[in-house]
Amino acid sequence: MKLIKTVDEFINWRNQQSASIGFIPTLGALHNGHLSLIRASKKQCKITAVSIFLNPTQFAANEDLSLYPNTLEQDLESLRELKVDVLFFPNQQEMYQKTGAVNIPASELFKKLEGKSRPHFFYGVTTIVAKLFNIIKPSHAFFGEKDAQQLYIIGEMINKMNYQIILIPCPIIRDQNGLALSSRNQYLTKSEQKKASIVYQGLMHIKNHLNRGETNPKILKKIFIKIIGETPELRIDYISIACIYTLEEIDKINGEKLLISTAVFLRDVRLIDNFTYLSSDI
Ligand code: AMP
């Protein structure tokens with residue numbers, strides 16, 4: 001695996017490649033969720049490029065940037081094992097001083113769901129992903145459905161900015177109890193991780209009621225709130241039943257494509273999870 005730390009060196013390497021390049025941007029602290037994206041790229045593309053960059057602009061002052069798990073040695077081992085072709089591992093100066101500014105079109109989607117609690121977040125994410133796209137110039141980009149809103153926003157950005165990049169959504173990877181894998185799970189003890197899996201169970205209760213024909217989002221949300229409420233360590237930030245395209249909350253379910261998503265705190269660890277529900281399922 002080639003390890004490249006500077007933009008100039010990456011561009012130089014990139015200029016010598018003509019095959020398809022699958023790209024997986026990450027913040028590091030890699031787990032099986034990340035690795036599943038890499039495997040998908042290895043299957044579809046000749047070359048697989050991964051970036052590890054802990055992007056400061058997607059963290060607010062009160063968030064966990066300085067505490068974010070750093071497992072670089074282990075990450076390198078996993079990437080080598082999967083035979084990733086190139087790891088781009090820049091520092092902040094490379095990404096914010098040596099790389100040209102990008103002008104991201106504003107989007108209504110930035111303000112919804114995650115954006116309500118974290119208004120800075122999608123400005124930071126789109127800025128860094130656009131900068132990375134400009135350097136890596138991938139043919140394909142692999143993003144996880146775990147961060148569903150991020151996935152839709154990147155899709156919208158690719159369209160609006162005319163990037164010639166095929167966006168490949170990848171399914172959520174979970175642990176044996178259903179907890180969606182996340183680098184932040186490392187902050188939790190094993191028994192806390194088990195409690196955190198109640199978030200997934202709560203979402204599955206909503207799904208069961210949808211399957212049985214429940215069309216009132218208020219009732220569905222109440223079911224979730226009750227389940228989470230039974231575990232005092234958990235605190236809901238939001239539970240949303242929204243149109244998958246606009247991310248607007250739905251008043252009555254009537255054949256739309258839905259994104260059911262949530263953010264729940266366990267102590268100060270913010271866990272997100274979701275599932276999509278297609279109209280044909282109703
Ligand atoms: P992050 O390092 O958290 O920014 O994640 C990098 C990429 O991995 C994003 O596209 C995430 O959506 C994806 N990802 C993170 N966790 C999972 C998971 N449990 N399953 C699938 N993809 C994931």
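This is a predicted model: local features need pLDDT of at least 70, side-chain atom pairs count only at pLDDT 80 or more; totals for chains, interfaces and linings use all residues.

Student: Which residue has a side-chain N or O atom 2.6 Å from an oxygen atom of the ligand?
Tutor: Look among the residues that come nearest to the ligand: H34, G144, D147, I173 and L181. G144 uses a polar backbone atom, at 2.9 Å from a ligand oxygen. The side-chain atom at 2.6 Å belongs to D147.

Student: Which element gives the largest share of the shell around the ligand?
Tutor: β2 (21–26), α2 (32–44) and β5 (140–144) each supply at least two residues. The largest share is three residues, and it comes from α2.

Student: How many residues of the shell around the ligand are charged?
Tutor: Sort the shell by class. Eight residues are nonpolar and six are polar. The charged residues number two.

Student: Which element gives the most to the largest nonpolar core?
Tutor: This core has 43 residues, and F10, F88 and V129 are among those with the most contacts inside it. Several elements supply at least two residues each, including α1 (7–14), α6 (121–136) and α7 (148–160). The top contribution is 10 residues, from α6.

Student: Which residues does V129 contact, leaving aside neighbours within four places in sequence?
Tutor: V129 is one of the residues with the most contacts inside the largest core. With those sequence neighbours set aside, its contacts are F143, I154 and M157.

Student: How many residues are in the second, separate core?
Tutor: Find L234, I239, L271 and F275, which this core includes. Its total is 27 residues.

Student: Is A29 buried or exposed?
Tutor: A29 lies in the loop between β2 and α2. Its phi is positive, about 55°, although A29 is not a glycine. The cut-off for buried is under 20% relative accessible area. A29 has 1% relative accessibility, so it counts as buried.

Student: Where does R267 stand on accessibility?
Tutor: R267 is in the loop between β8 and β9 (269–277). Its phi is also positive, near 55°. R267 is at 44%, so it counts as partly exposed.

Notes
Residues are numbered from 1 along each chain as its sequence is written. Side-chain values use heavy atoms; hydrogens and water are left out. A residue is near a molecule or strand if one of its heavy atoms lies within 4 Å of it. A polar contact is a pair of N or O atoms within 3.5 Å; within protein, one must be able to donate a hydrogen and the other to accept it, and residues adjacent in sequence count only if both atoms are side-chain atoms. Helices (H or I, at least four residues) and strands (E, at least two) are DSSP runs, numbered from the N terminus. Ala, Val, Leu, Ile, Met, Phe, Trp, Tyr, Cys and Pro count as nonpolar, Asp, Glu, Lys and Arg as charged, and the others, Gly among them, as polar. A nonpolar core is a set of buried Ala, Val, Leu, Ile, Met, Phe, Trp, Tyr and Cys residues joined through side-chain atoms within 4.5 Å. Buried means under 20% relative accessible area, exposed over 50%, partly exposed in between (1.4 Å probe, protein chains only). Contact means heavy atoms within 4.5 Å.
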